[in-house]
Amino acid sequence: MPVREYLGLARVNGPLIFIEKVKDISYNEVVEISFGEAKKFGQVVMINDDMAVIQVFQGTEGLSIDKTSIKFSGKPLEIKLSEDILGRTFNGIGIPIDKGSEIIGGEYRDINGEPINPAARKYPRNYIETGISAIDGLMTIIRGQKLPLFSGNGLPHNRLAVQITRQARIKGDESERFAIVFAAMGINHDSARYILSSFEESGALRNVVTFLNLADDPTIERIATPRMALTAAEYLAFEKEMHVLVILTDMTNYCEALRELSTARGEVPSRKGYPGYLYSDLASIYERAGMIKGRKGSITQLPILSMPNDDITHPIPDLTGYITEGQVVLDRELFRKGIYPPINILLSLSRLMKDSIGEGFTREDHPHIYSQLFSAYSRVQEVRALASIIGEEELIDVDKMYLKFGRAFEGEFIKQGENENRSIEETLDIAWRVLGYLPKDELTRLSLDEINRYYTRRTDEDMAEIIRAVSAGKKSRDGEAAP
Amino acid sequence: MSEKMKEKTGKIYMINGPVVKARNTTGFIMHEVVKVGKMQLIGEVISLDGDDATIQVYEETTGLKAGEPVTGSGRLLSVTLGPGMIGNVYDGIQRPLEVLREKSSDFLKRGIEVPSIDFSKQWPVEVTVKEGDKLSGGDIVATVEETSSFTHRILVPPGVSGVVKEVRSSGRYTVDTVIARLDTGKPGKDAIREIRLFHSWPVRSPRPYEERLVSDEPLITGQRVIDTFFPLGKGGSACIPGGFGAGKTVLQHQLAKWSDADVIVYIGCGERGNEMTEVLEEFPELKDPRNGKPLMERTILIANTSNMPVSAREASIYTGVTIAEYFRDMGYHVALMADSTSRWAEALREISGRLEEMPAEEGFPPYLSSRLAEFYERAGKIKALGNGNIGSVSIIGAVSPPGGDFSEPVTTHTKRFTRCFWALDKTLSNARHYPSINWLTSYSESIDEVKDWYAKRVNKNFFSLRDEALALLSEDDRLQQIIKLVGEDVLPDDQKLTVRAAYLVKVGFLQQSSYSNVDSFCRPEKQYEMLRIIMHFYNRAKKLVSKGVAISEILEGGLLSKLSRMKEDITNDEYEKLKDIEKEIDSFFDKLETR
């Protein structure tokens, strides 16, 4: 295709430039914009007769109407890929920024990708053990899943993401190749450095591909960043047969960039000024997770988004929750209580776990334990609300037991160390231990069989003993077997 | 509809996402299918203005150029109706996804045209008409054993009539074979109409029927909260609103699995790819409770996932409902699940935005409510044209209100046009109470119509028992308000009993695990017995409490745990065994009374 170059613009408005009397322009093609020494990239977002609207990735500062020249490439936005991208760092639009060489060889790929044919998908069934009780027990992550972390400013989502990345493994499957694709969108330098240095410590850096669009980088580039990252991930997963974990952070910043662009284009806004196509746009990112029949690799997505004002009904977490296969929600109140990871289990969910837990996967009692813990903990919330009005002393006995269960559940089951790596058996044993605070009759979600096998009624003295034993570093699970 | 015309060609001058405008298009007709650009993308004409046409393109438009041609096809956006649809997975414009995969790759490529049904497969055809028969639209000319459990009836297309002039004998034929020639008595080229095993129908026009009937038979779903508390008539329409994680999709899957319909059309409209895969992997393994055949042998899937083009999402709803109507016209009961109609409404909004139309509420176009009404009105129980069989289409639409707020436009408008409202409640799903249908805010307007059916088939006291249980639950709700303030302990014994009994109804009856082998489906007879026994327990206990027996004595008997586990302990086939529990209750209370 001949490269065509034009001089002069008709109009500049925010991140958009308008150019007239152009011919043969194709929708979504990439353009190179030069003005003096400066070079920028842009993309055609609308064509009307001989007029084209171009969004400029690095912002329009310093462009003039008459002296700017525009070169049309005839191609959509692409990224060059080969296995050499492992261990490399790119900016938000896929240009290496780590002082390394250009990617040699390899092939160009359109970053918009193509939707996976639903009939070609393989339903994800391999559970990933993260060593974190709250996640493994109650919102098990499955290879090929997209499970976002809903967080808020100041909450330890980065620490949790790093812990998951470090500890995640699939039993009996250690030989397979894995890679991490990390895309930072509008996060600050410190957060990015924390995440990257933790990869370095765990020795994983050789397997990490990094895309950095930090808080002070051009906003509009952010639109391309997750697509760059996912195109790289698809290449590694479906052509190089690797298991790829994609961390996208922070999706809220991505959506802000989208809103900015949409407003500049004068589009009709829907909720809170976000464009009406926010759902479809987010879906075009999140749906690029999964597995394909007959191919070995997988893409698991762990997007992180901060809920503006901790509001889960805000359009960004709301639409995300409708697309992703569950969510892990962090909670400020638990965080204040000093519980790490501060996961609000009632709001969290993994949609894919149901077919991948229980007999043959984790342990046969897992599905019922899961259900029982949720129902008991939600009762705890009701009792707490009541206790805050009438006082704990006035509660009936069974409600008092629920309070004790609630404390033990948060303090022993949810809470764990940042380097503590619990096996699924340990997690389930702890669950039975904390359920020991409730009388048998309350455990309606568990079968009598399971109760006979695992349940032991706990009193305060027992618990004090256990806590002492645990803090003394002793294994406390002897004698937990059924009477 | 119309026969092939001369090809018209226009020229693209504007491209904005899935919306394309073209000039020099005089001769294009509204909703005509067109080929867009050199890539031959599939599009549909959605507005005409003088010499200009606006086209929505069903494929990604990246790379399209101004000046490229738009070619008309002369036919409206239609579905191909004939044997070979059952068990298929289609995209929003009825392209079979498996065939697309074979033809291109695991990823969806653009500009590929494939037939909706297999034209090379030979079907065993049993011809049921003979020369000289007078036929009109809807008459059955032949039958085809499409699957081991499904007989496809070949219909004369609506609007066609005449006398059979030639007819083939029964045998194995492809769908394209002319089975009969009708002498229509019309002059010229319309004098003879050929009847094949398939015909086309435009998706945006409802198929005609003889007359509409009352939906007096319930769609049995095996879900207690639905069948007993808020039943849906065959031919009715229901709305399932719920925020994310409230369990819409699992409930829709349950309904697709267990509903006693002959054909299920499941539309995954702008939802997750893995959910469709789950259905595809699970349904062939599951057995139809009515005949033991794989569930896939009565299911048609339409998968236009959230990352597939948005305009095809808009079309997917119409594609699905037209297919459903076709099976209805053969005299079958069809249940159509649409998950989620909110995504469809958002597709309308997105396209409307690109057309720069004036928005109404929350950016949705003003015609949202009329489009919703048109869609839900295509549900109904009918006497079919020609063959006179009774068939129905029941529509169950999931709605995904933003932020779980039921006052948003899609939920409020849908509520106006549907007769059942199954409101999913986040507090219930957070406590993993599934199905999380809220028993206080949900309703069914079908009860009066299906009452007789229940009285005849299950028990004449069915709905009085249901009303009694619902009254108990609403009394419980009042007491829960008090408990939240002062605790359960201060309530008098009779109110404590109410709370306990309501708890029993909630846990022992309303909660139903979709993953349980025993309880995933519950037959109406078992539903009735279960509720009757729980209420029996309550009534006997109430009598004792009023006589001054302490509630603690009543609760100590261990009956509660037995009652809350009976759904799992006793299978559908041995539901008569529930009577043993009743005997236990009686002997327990008899003992307490005589003491």
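In this predicted model, the axes of helix α12 (residues 493-510) of chain B and helix α15 (residues 559-569) of chain B come within 8 Å and cross at roughly 25°. Because angles under 35 degrees count as roughly parallel, α12(B) and α15(B) are described as roughly parallel to each other. The crossing in which α12(B) passes α15(B) is right-handed. On the side of α12(B), the residues B:R500, B:L504, B:V507 and B:G508 take part in the contact, and they meet B:L560, B:L563, B:S564 and B:K567 of α15(B). The residues of this contact comprise 4 nonpolar, 2 polar and 2 charged.

Helix α15(B) also packs with helix α13 (residues 524-546) of chain B, at an angle of about 165° and with the two axes 10 Å apart. At this angle, α13(B) is therefore roughly antiparallel to α15(B). The crossing of α13(B) past α15(B) is left-handed. Here B:K526, B:M530, B:I533, B:I534 and B:F537 of α13(B) meet B:L559, B:L560, B:L563, B:M566 and B:K567 of α15(B), and the residues of the contact divide into 8 nonpolar, no polar and 2 charged.

Turning to the sheets, strands of a sheet pair through backbone hydrogen bonds, either parallel or antiparallel. In chain B, 4 strands form an open sheet in the order β12-β11-β9-β14, and their pairing is antiparallel. From one strand to the next, the twist averages 40°. Within this sheet, strand β11 (residues 140-147) of chain B pairs with β12(B) in the antiparallel sense over 6 bridges, and B:T147 stands opposite B:F150 in β12(B).

Chain A contains an open sheet of 8 strands, ordered β9-β16-β15-β17-β19-β14-β20-β21, in which the pairing is mixed. Its edge strands, β9 (89-91) and β21 (349-350) of chain A, each pair on one side only. Strand β14 (residues 149-151) of chain A and strand β19 (residues 298-306) of chain A are paired in the parallel sense over 3 bridges, and A:S306 in β19(A) is the bridge partner of A:S151. Helix α4 (residues 225-239) of chain A packs on the sheet, where it touches β15 (178-185), β16 (208-213), β17 (243-249) and β19 of chain A, and the direction of the helix makes about 175° with that of β15(A).

Most residues other than glycine have a negative phi, and most peptide bonds are trans. In chain B, however, the peptide bond from B:D339 to B:S340 is cis, with omega near 5°, and B:S340 is found in the loop between β22 (333-339) and α6 (341-354) of chain B. The peptide bond from B:Y434 to B:P435 is likewise cis, with omega near -10°, and B:P435 lies in the loop between α9 (426-430) and β26 (443-444) of chain B. A positive phi of about 60° is found at B:N24, although this residue is not a glycine; B:N24 is placed in the loop between β2 (19-23) and β3 (32-36) of chain B.

As regards confidence, the model scores ipTM 0.87 and pTM 0.91, and the mean pLDDT of chain B is 92.

Technical notes
Residues are numbered from 1 along each chain as its sequence is written. Chains are lettered from A and ligands numbered from 1 in the order in which they are written. This is a predicted model: local features need pLDDT of at least 70, side-chain atom pairs count only at pLDDT 80 or more; totals for chains, interfaces and linings use all residues. Side-chain values use heavy atoms; hydrogens and water are left out. Axes are lines fitted to C-alpha atoms, for helices over the stretch in contact, and angles run from 0 to 180 degrees between N-to-C directions. Helices (H or I, at least four residues) and strands (E, at least two) are DSSP runs, numbered from the N terminus. Angles under 35 degrees count as roughly parallel, over 145 as roughly antiparallel, 65 to 115 as roughly perpendicular and the rest as oblique. A crossing is left-handed if the near helix is turned anticlockwise from the far one by less than a right angle, and right-handed if clockwise. Contact means heavy atoms within 4.5 Å. Ala, Val, Leu, Ile, Met, Phe, Trp, Tyr, Cys and Pro count as nonpolar, Asp, Glu, Lys and Arg as charged, and the others, Gly among them, as polar. pLDDT is the predictor's confidence in each residue, from 0 to 100. Two strands pair if DSSP finds at least two bridges between them.
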